Amino acid sequence: MTKFYVHIAETAEHDIDETLGYLIAIKHNPTAALILLEEIEKKKKTISGFPLKYQTVDEPLLAFFGIRCMPVKNYFAFYIVDGNNIYIIRFLHQKQNWKSILKTEFPK
């Protein structure tokens, strides 16, 4: 079985940090932040074993670049598989306009 390596891009790392900071500082819920962080780690293990488990997004331009969407609680982790590497590129709340956000990062 091929081994896949999961990498978190700087933008996704920033998204995660912002989310955890929001849960702790604004919502005053460090328990929710810890639970979310644990869920992120579980999902990373899942895709490292089954990188194609989640479908590509339903937006043609983004699908062209092979962007896949993995649900994590009320969030989506967007990632790309490249050889034996998996790159988590963004981590966004499900209610955010993720299509618009992601499209600004890819050439048309």
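What classes of residue make up the lining of the largest cavity? In this predicted model, where residues are numbered from 1 along each chain, local features need pLDDT of at least 70, side-chain atom pairs count only at pLDDT 80 or more, and totals for chains, interfaces and linings use all residues. Side-chain values rest on heavy atoms, with hydrogens and water left out.

The lining turns out to hold eight nonpolar, no polar and one charged residues (Ala, Val, Leu, Ile, Met, Phe, Trp, Tyr, Cys and Pro count as nonpolar; Asp, Glu, Lys and Arg as charged; the others, Gly among them, as polar). Among the lining residues are I8, I40, K43 and F91; lining means having an atom within 4 Å of a cavity point, a spot on a 1 Å grid over the protein atoms alone where a 1.4 Å probe fits but cannot get out. The space comes to about 40 Å³, taken as what probe spheres set on the points fill, with points joined across faces, edges and corners. Helix α2 (30–49) and strands β2 (68–72) and β4 (85–93) each supply at least two of the lining residues (DSSP runs: helices H or I, at least four residues; strands E, at least two; numbered from the N terminus).

As for charge pairs, six salt bridges show up (a side-chain nitrogen of Lys or Arg within 4 Å of a carboxyl oxygen of Asp or Glu). D15 and R90 pair at 2.6 Å, N to O, joining helix α1 to strand β4 across 75 residues. D15 is buried at 8% and R90 at 13% (buried is under 20% relative accessible area, exposed over 50%, partly exposed in between; 1.4 Å probe, protein chains only). E105 joins D15 and R90 in a salt-bridge network.

Technical notes: On a 1 Å grid over the protein atoms alone, a cavity is a set of points where a 1.4 Å probe fits but cannot get out, and a pocket is an open set with protein on both sides within 12 Å along at least five of seven lines; lining residues have an atom within 4 Å of a point.
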